[in-house]
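Reader: Could you take me through one part of this protein in close detail, setting it within the fold as a whole? I would like the cut-offs behind each term as you go.

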Amino acid sequence: MSGNITVESEVDRGSVFTFSMIMPSIVQGFETPLANIDLTNSSSKPLFQGKILLAEDHVDNRRLISRLLTKLGLTVYSAVRWV
């Protein structure tokens, strides 16, 4: 998919994973920045299709990000830390 995955990790601090890829042609020519998309309009066609793994340790952030990604058309799987 012509993408890149990088990781930066520090013992006892955590890890940052970064993923990047070229967007498929269905998104090329999309003129509205993602920040300006109205996520409250549930009747609009989803912008994306696919699955994403969300790793966020704060439950409120996880809920919010999951809801936003779902509204964009993605299936979200959340990684939860068990202690």
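Author: From the N terminus on, the elements run β-β-β-α-β, which comes to 1 helix and 4 strands, where helices (H or I, at least four residues) and strands (E, at least two) are DSSP runs numbered from the N terminus. This is a predicted model, in which local features need pLDDT of at least 70 and side-chain atom pairs count only at pLDDT 80 or more, while totals for chains, interfaces and linings use all residues. Residues are numbered from 1 along each chain as its sequence is written, and side-chain values use heavy atoms, with hydrogens and water left out.

Of the 83 residues of the protein, 11% count as buried, meaning under 20% relative accessible area with a 1.4 Å probe and protein chains only. Arg62 is buried yet has no salt bridge, a term that requires a side-chain nitrogen of Lys or Arg within 4 Å of a carboxyl oxygen of Asp or Glu. The nearest side chain of opposite charge to Arg62 is that of Glu56, 6.5 Å away; here Lys and Arg count as positive and Asp and Glu as negative, with His and the chain ends not counted. Leaving aside residues up to four places away in sequence, Arg62 touches Leu54, Glu56, Asp57, Ser78, Ala79 and Val80, contact being heavy atoms within 4.5 Å. For the protein as a whole, among contacts between residues at least 6 apart in sequence, 37% join residues at least 24 apart.

Conventions
Buried means under 20% relative accessible area, exposed over 50%, partly exposed in between (1.4 Å probe, protein chains only).
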